[in-house]
Amino acid sequence: MMKKLYDILRIFQWGFIGTFIGKSLYQYWDYKSHPALYAAQSAPWYLSIKIHGIFTAIIVAVILIVRWLIKRKMK
């Protein structure tokens with residue numbers, strides 16, 4: 001049971017990381033394709049990437065801690 005939970009958490013971890021990378025690449029591509037849309041905003045174009053990066057880092061850190069605790073219990 002613990003092994004299955006450990007594996008599921010690993011899938012979620014990489015899912016969050018992959019989603020962040022995909023969203024960041026899309027945001028960069030959109031900025032390069034439509035720079036005038038971003039020039040009208042008061043915030044820099046990369047601010048949403050930073051915010052999503054912080055949340056992704058927090059979520060991944062929590063998942064890593066839980067995976068570490070599960071691995072300790074499995075031994």
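View 1. A residue counts as buried under 20% relative accessible area, as exposed over 50%, and as partly exposed in between. In this predicted model, Y31 has a relative accessible area of 23%, so it is partly exposed. Y46 gets the label partly exposed too, at 37% relative accessibility.

**View 2. Y31 meets W45.** A pair of aromatic rings is described by the distance of the centres and the angle of the planes. Searching the whole structure turns up 5 aromatic pairs. Take Y31 and W45: their ring centres are 4.3 Å apart and their planes sit at 10°, so this pair is stacked. Y31 belongs to helix α1 (residues 2-33), while W45 is in the loop between α2 (35-39) and α3, so the pair ties together parts that are 14 residues apart in sequence.

**View 3. A nonpolar patch on the surface.** Here L47, I51, I54, F55, I58, V62 and V66 come together as a nonpolar surface patch, with about 610 Å² of accessible area together. One of them, F55, is part of helix α3 (residues 47-74). Is F55 buried or exposed? Its relative accessible area is 51%, so F55 is exposed, the cut-off being over 50%.

**View 4. R67 over a ring.** The ring here belongs to Y6, and the charged end of R67 sits over it, 4.4 Å from the ring's centre.

Note on methods:
Residues numbered from 1 in each chain as written. Predicted model: local features only at pLDDT ≥ 70, side-chain atom pairs only at ≥ 80, totals over all residues. Heavy atoms only, no water. Patch = residues over 30% accessible without salt bridge, like charges linked within 9 Å, V, L, I, M, F, W, Y side chains within 5 Å. Areas by Shrake-Rupley, 256 points an atom, 1.4 Å probe, with all protein chains shown as cover. Salt bridge = Lys/Arg side-chain N within 4 Å of Asp/Glu carboxyl O. Helix = DSSP H or I, 4+ residues; strand = E, 2+ residues; numbered from the N terminus. Buried < 20%, exposed > 50% of the residue type's maximum accessible area, 1.4 Å probe, protein only. Phe/Tyr/Trp six-rings, centres within 6.5 Å; stacked < 30°, edge-to-face > 60°. Lys NZ or Arg CZ within 6 Å of the ring centre and 35° of its normal.
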